[in-house]
Amino acid sequence: MEITAENKVLKFVEGLIPPSDGTSIRKEALQALNGMDFPTTRVEEWKYTRVGRITNKTFQQEERKANIEKYKITNLDAHLVVFVNGYFDASLSTIKEDKALSVQSIEKLDLDYYSEIMEETEENVFSLINKGYQTGGVYIKVGENEKTAYPIHLLHLTTGEGIISNAQHFIHLEKGSKTELITTYDSDEAENSFTNIVIEGHIEENANLTIQKLQFEEKNVFHISNEFFVQDPSSQFKINTITTGSLLTRNGLNVIVEGENCHTEMNGVYLGTENQHLDNHTLIEHLYSNCTSSETYKGVMDDKSTGVFNGKVIVRPNAKKIEAYQSNGNILLSKSSTVNSKPELEIYADDVRCSHGSTTGQLDEDAIYYLRTRGISEQKAKKLMVAAFIGEVLDKVDNSDIRKKVDQHFLEHFGWVF
Amino acid sequence: MGYTEEELAKDLENQEYKFGFTSNFESDKAPNGLSEEIIRFISAKKEEPAWLLAKRLQAYEAWKEMTEPEWAHVHYDKPSFQDICYYSAPKQSKKYESWDDVDPEMKETMAKLGISLEEQQRLTGTAVDFVMDSVSVATSFKKKLNELGIIFCSFSEAVQDHPELVKKYMGTVVPSKDNFYAALNSAVFTDGSFCYIPKGVRCPMELSTYFRINEGGTGQFERTLVVAEKGSYVSYLEGCTAPMRDENQLHAAVVELIALDDAEIKYSTVQNWYPGDKNGKGGVYNFVTKRGLCERNAKISWTQVETGSAVTWKYPSCILKGDNSIGEFYSVAVTNNYQQADTGTKMIHLGKNTKSTIISKGISAGHSHNSYRGLVQIHGNAENARNFSQCDSLLMSDTSGAHTFPYIECKNNSAKIEHEATTSKIGEDQIFYCKQRGIDEEKAIGLIVNGYCKEVLNQLPMEFAVEAQKLLEISLENSVG
């Protein structure tokens, strides 16, 4: 398509600088961006999320120094990889001695391997902007039949006004390996900044990956993430996504299961207050037989916030004996809060057991009354009920240090004790 | 494309589609194609008042600006709107005084359909408004309905005899610019049914209309308008069968229901248009807009059994405008061979204490694709709204597909919404159990499918329930591999 001055994408990226090395990933992304436009709500995938608030602004890339002490996870013994505004900060990072692990710059990624693995993934305009104007990122590799001695903590901090962070990571688990990845997102005085993150991963045969994602940014920034994972036979993948942050969040999570006997688990909690818009978009695509997947997302919306859940399970022809389970629960605490839920099943094979459920409601008045008759104040009773509601998902966070961090965050921000 | 006797004979040999036959009527046909002249021609033919022609032309102008929707989960060759004949009426357009005057060939046609008027009159007490190629030729029980003040007639008659009612209600629920096919229908609709139940009247019999596509290459553009005045009740039945055709026929109907305060409308459909042969050739395109409006304390209940059509695109909806109103949707959709169905409902909750129930059962066999697409929307003022949805899909072959696309939008914190969906196949243990008891596999599957659909079939009036059960069995014949 011809490049015109009206092209919004072009205007958006005008002030951005592509990385100097210009590998083929960047070139292809820049090429693909040509003629693309930002999605409107007429595009099915973006029906409930308006990105105008982001795309009408302009952002710049800026490398900065920052203090990350308060964003660390207390007591967590992990490899710490720090990104400030999407740039790798070696002075703040500590990568320990671990024979199972290699952490390199994303530039070290073998491009032939990369394009073969990520062949099936569907890019969107934001993942392309990320790749074309990438600020930094790591290529994490866990060796064959190895288990990392410590979890890996990717700490992302955005600081400063009007900043765009385009960090791109790739995690590669070789056959039979195992690791836990913790990704945290925070912001500090980052008015109108935009975290545009891409994480891709390849989980080889018999490998096991767990990701804990904590999105705790302040409510004056934007967050769009695009996560793509490919699972080989007999691999296990689990991701817990906890979102309370940013004015507008879009978590795009896509898993392609390219082998038999795999298990995929996705859990999520989203808590919205003020005028936040929290969108969780997930896709699990089953291409082979004998796999299971389970998905549980729960949301609590307060004030004028909006929650979106769009979960899609695709079972391709010839993928037999698939068991896929998906559930989404929402509680609306205030009159002006909104929830849009769209759980989808696309099944092209017959020998499957797939189900999904979605509920939207409010706290049970009878239960609150019950608690009040036992001398618990109404406010406290409500907190207790909300805690119990999302507790089901939080209990799936089996790393106690992470769980403590989450609990502490909730206590600080919502006054809820779990 | 012409249709010769030889082709017809060939078609008749093919027994896949039980109701595939053609009546030899001479039609009063308009030339193919769509233009302002054609719309004027239709309007003139039907001796319509000027305001209706103006409405048609307005819709046509709007339609020209619109593009065909592509969001549905179906793939098909787009119909060419200039190759369709928009008006065709049986020549014997004079009205019959008594049943004996009706053309014997017509009677035979109905007998083949298994819906002989005599039988229906005698046994079921059902008034039948028979639509053949867009013009209704027989109306029964008119007198009895007249006594109660119930108006049940063809749409064109209503335009002539009750223009004030048609003018007042037509297009209020489905505006002419609503969507591509509704706009097309609004521009070129030829006939349909009109039903008006006066205040406080409970219609003593099931009202039914049989639609039938007869002339090759004729798109059918039906328009149905049912108005239930305050405190009235009506149960309306609609069933369709169509003869076998090689080229795709387009069916774009619009159905509008209006239930005023305390009224109740029950609308049941058995849809069995020609689904195409087993290689997916031919078949009817069924792109229908059905919508009902509920005022205070009113109730609208949609029940549908969909077994026919090559491509179905249909979402009977309820706008729950009045407080305490109720919307219901019960559906069984069966697809076999290369059929595609994208069907479901929309429940728009606007009033307080509104309730809706959605029960959808999809069965896909052969190479077919069956999608449920539903919207439950709770608006900010809909206090205490309640919705329950259940969408189950049954897969009968590994080449078929079952898809679920529910949209749940909630803007009120006092609403309760539940949605659940499952997709699975018939359990081998269930079939084994039946076989053990001497029931062969084919019958066992019929049994299980009927049990699976029972919740929906129970909602149908008795005569229809029997027909629907038979249809399910016929539709799934030889589908088990």
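**Close-up views of a two-chain model**

Of the 481 residues of chain B, 54% count as buried. The coordinates come from a predicted model.

**Figure 1. Overview of chain B, with its 12 helices and 24 strands.** The share of buried residues in chain B is 54%.

**Figure 2. Confidence along chain A, which has an average pLDDT of 91.** In chain A, 98% of the residues score at least 70. Residues 1-5 of chain A have a pLDDT below 50. Leaving aside near neighbours in sequence, this stretch makes four contacts in the model. Where pLDDT is low, the predicted coordinates should not be read in detail.

**Figure 3. Domain 1 and domain 2 of chain A where they touch.** The domain assignment places domain 1 of chain A at residues 8-258 and domain 2 at residues 365-418. Their C-alpha centres are 30 Å apart. Domain 1 gives 12 residues to the contact, and domain 2 gives 10 residues. On the side of domain 1, the elements that supply two or more residues are β8 (178-188), β10 (208-215) and β12 (236-243) of chain A. This side of domain 1 has six nonpolar residues, five polar residues and one charged residue.

**Figure 4. The contact between chain A and chain B.** Chain B contributes 31 residues and chain A contributes 32 residues. On the side of chain B, two or more residues each come from β23 (401-410) and β24 (416-425). By class, the residues on the chain B side are 12 nonpolar, 12 polar and seven charged.

**Figure 5. Strand pairing between the chains, with β19 of chain A beside β23(B).** Strand β19, residues 338-347 of chain A, pairs with β23(B) in the antiparallel sense. Six bridges join the two strands. At one of these positions, Leu345(A) has Thr404(B) as its bridge partner in β23(B). Strand β23 of chain B is also one of the elements that give two or more residues to the side touching chain A.

Figure 6. In β7(A), Gln168(A), Phe170(A) and His172(A) point one way. His169(A), Ile171(A) and Leu173(A) point the other way. The residues of both sets are buried.

**Figure 7. The strands that pair with β7(A), among them β4 and β9 of chain A.** Strand β4 (residues 138-142) of chain A runs parallel to β7(A), with four bridges between them. Lys141(A) has His172(A) as its bridge partner in β7(A). Strand β9 (residues 194-203) of chain A also pairs with β7(A) in the parallel sense, here over six bridges. Phe170(A) has Glu200(A) as its bridge partner in β9(A).

**Figure 8. Asn290(A) and Asn297(B), two loop residues with positive phi.** Most residues other than glycine have a negative phi, and most peptide bonds are trans. Asn290(A), not a glycine, has a positive phi of about 55 degrees. Asn290(A) sits in the loop between β15 (277-286) and β16 (292-301) of chain A. With 16 other C-beta atoms within 10 Å, Asn290(A) is partly exposed. In chain B, the phi of Asn297(B) is also positive, near 60 degrees. Asn297(B) is in the loop between β13 (284-294) and β14 (299-306) of chain B. Asn297(B) has 20 other C-beta atoms within 10 Å and is therefore buried, since the cut-off for a buried residue is 20 or more.

**Figure 9. Glu412(A) and Trp51(B), two exposed helix residues.** Glu412(A) belongs to helix α8 (residues 400-414) of chain A. Glu412(A) counts as exposed because it has 10 C-beta neighbours inside 10 Å. From Glu412(A) to Asp98(A) the C-alpha to C-alpha distance is 35 Å, and 314 residues separate the two in sequence. Trp51(B) belongs to helix α3 (residues 50-65) of chain B. Trp51(B) has 12 C-beta neighbours inside 10 Å and so counts as exposed, since the cut-off for an exposed residue is 12 or fewer. Trp51(B) and Lys290(B) are 239 residues apart in sequence, with their C-alpha atoms 23 Å apart in space.

Technical notes:
Residues numbered from 1 in each chain as written. Chains lettered and ligands numbered in written order. Predicted model: local features only at pLDDT ≥ 70, side-chain atom pairs only at ≥ 80, totals over all residues. Domains from an automatic or database assignment. Contact = placed C-beta atoms within 7 Å. Nonpolar A, V, L, I, M, F, W, Y, C, P; charged D, E, K, R; others polar. pLDDT = per-residue confidence, 0-100. Pairing = 2+ DSSP bridges.
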